[in-house]
Amino acid sequence: MKTAEEIFNLLKEKFSGSVTEFKTDKPVEPFIIINPLEIDKVCRFLYENSALTFDSLVNLSGVDDANGEKTKDQSGFDIIKGGTLSVWYHLESIKFRHKLVLKTSTDREKPEVASVSEIWNCANWHEREAFDLYGIIFLNHPDLRRILMPYDWETG
Amino acid sequence: MALKTEEMVLNMGPQHPSTHGVLRLELQLDGEIISDVIPHIGYLHRCFEKHCEAMTYPQVIPYTDRMDYLASMYNEFGYAIAVEKLMNIQVPERVEYIRVIMGELQRIASHLVALGTYGADLGAFTPFLFCFRDRERILHLFEITCGARLLYNYIWIGGLSHDLHPDFIRLTKEFIKEFRPNLKELNELLSYNKIFIDRTAHVGVLPAEAAINYGITGPNLRASGVKWDLRRDDPYSVYHKFDFEIPVGSGEKGKTGDCWDRYFIRVLEMEQSLKIIEQAIDQIPDGDISSAIPKRVKPPEGQVYARVENPRGELGYFIISDGSVNPYRIKVRAPSFVNLAVMGELCKGHMIADVVAILGSIDIVLGEIDR
């Protein structure tokens, strides 16, 4: 069993450029911030490393950070330009019983995140949901279609 | 002259009695053999997550009821735990005990629907009526507690809406006493019925490694032989005080992780739930149930992921708070949503009739898949 901080130090050593920060200030659980285009490599390492073996992806969720420039349209709805969209990953090792939270933020105007569905099959539907509801594009996803909304739902 | 052959596509649903709700399965067939199954979901999408952002924290509770509508108590339970973790609220012990009792009764009620309808799917109609007769008594217990039979709004942040009814303990004890023989009867009627075993054993085998990789949780994972139960492995509430076993699939009638294992694990789990309820009733302390309910629910800024062992698997709430009275983001990790994704993998190479057996054994509720 390893703590989140130990895992962060391990990752920092291996992926110095793409693992940026370890956050413990406000949240209930600490999390690690990772570069969106390198997340698949980091996850592959977490999955394959024999001392970590994160064999299960518990949850994956898209979040709209709404930190861009806000204006109102004619009907009074918010229109946001710029800022970021985020994806949160909750990983767990059933073998070693440790947990880890990862976060990655991507540009709202070009929201691209590397897909992890080749590592964990269950990421497939979670990523489709984040694509459907938040418009985040998961690169190299095998089947990136809408899932909850109708297939012909207009983007907007 | 050579015959021309091609794959055929057959739609099962959206309105089909054995899809357990509005689900469309696109079956790709090579004759009668399934080459792939593609589930199409979203027919019940009610924008639950988006809607929560406009509600205050306590106002979300009735909406959680409507996700997995066969296990409403447990949905509230998980949500309450998540918000309490975010606000760091200590709940009185009596409340914890009542929550566990309600949660386990709900587990039995939910499994009874799962098993009854599974029998009905495969042509055994009598066990369905027997199961619903027993479930009715649990619903009656819920009704005298909070006035509702299906959607309770009973477990609140920091407490409960009502204390136990004066008759509750007596009626629950009576129920347990009369339900145990009924379980044996169910085994004779359905579990060890030869036709039923023929339909379910060796069908839809899910190996343990694939199950973990697909994120399968709950009875479906345990049927594959993985001893993983959040009540034991990531304990919440007062579950650490009770003595109970975690049954796992052993391939008694076929292969470990087949439909029969997934069915029978639920029967065994009901016995364990009875055991937990008995212990909880004996140990339940006196006390106030509303002392920890906050006047104003306004959690500090931050994020939390809290999870419970729902009758269908791991139910997780990922909540981001921006420090206001409305949640900034709620994502629900619904067990059925994750469990359904394995359908295609399980059905490959089986016959059309087995699709019904496999889908029923996964035990999905579309309300929480589509949210």
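**Figure 1. Contacts of B:V338 in the predicted model.** In this predicted model, B:V338 touches A:C122, B:G215 and B:I216, when residues up to four places away in sequence are not counted. B:V338 lies in helix 12 of chain B, which spans residues 335-340. The residue is buried, because 27 other C-beta atoms lie within 10 Å of B:V338 and the cut-off for a buried residue is 20 or more.

**Figure 2. The contact of chain A with chain B.** Chain A supplies 23 residues to this contact and chain B supplies 27 residues. On the side of chain A that touches chain B, the elements giving two or more residues are strand 3 (56-64), strand 6 (84-92) and helix 3 (123-134) of chain A. Strand 3 of chain A provides the largest share of that side, with six residues. Sorted by class, the side of chain A that touches chain B comprises 13 nonpolar, six polar and four charged residues.

**Figure 3. Buried residues of helix 2 of chain A and their cover.** Helix 2 of chain A runs over residues 39-48, and its buried residues are A:I39, A:D40, A:V42, A:C43 and A:L46. These residues lie on the same side of helix 2 of chain A, because they cover an arc of only 160° around the axis. Among the elements of chain A that cover the buried residues of helix 2 are helix 1 (4-14), strand 1 (19-23) and strand 2 (31-34). The cover also includes strand 6, strand 7 (99-107) and strand 8 (112-114) of chain A.

How values were computed: Residues numbered from 1 in each chain as written. Chains lettered and ligands numbered in written order. Predicted model: local features only at pLDDT ≥ 70, side-chain atom pairs only at ≥ 80, totals over all residues. Contact = placed C-beta atoms within 7 Å. Helix = DSSP H or I, 4+ residues; strand = E, 2+ residues; numbered from the N terminus. Nonpolar A, V, L, I, M, F, W, Y, C, P; charged D, E, K, R; others polar. Buried ≥ 20, exposed ≤ 12 C-beta atoms within 10 Å, placed from the backbone. Arc of directions from axis to C-beta.
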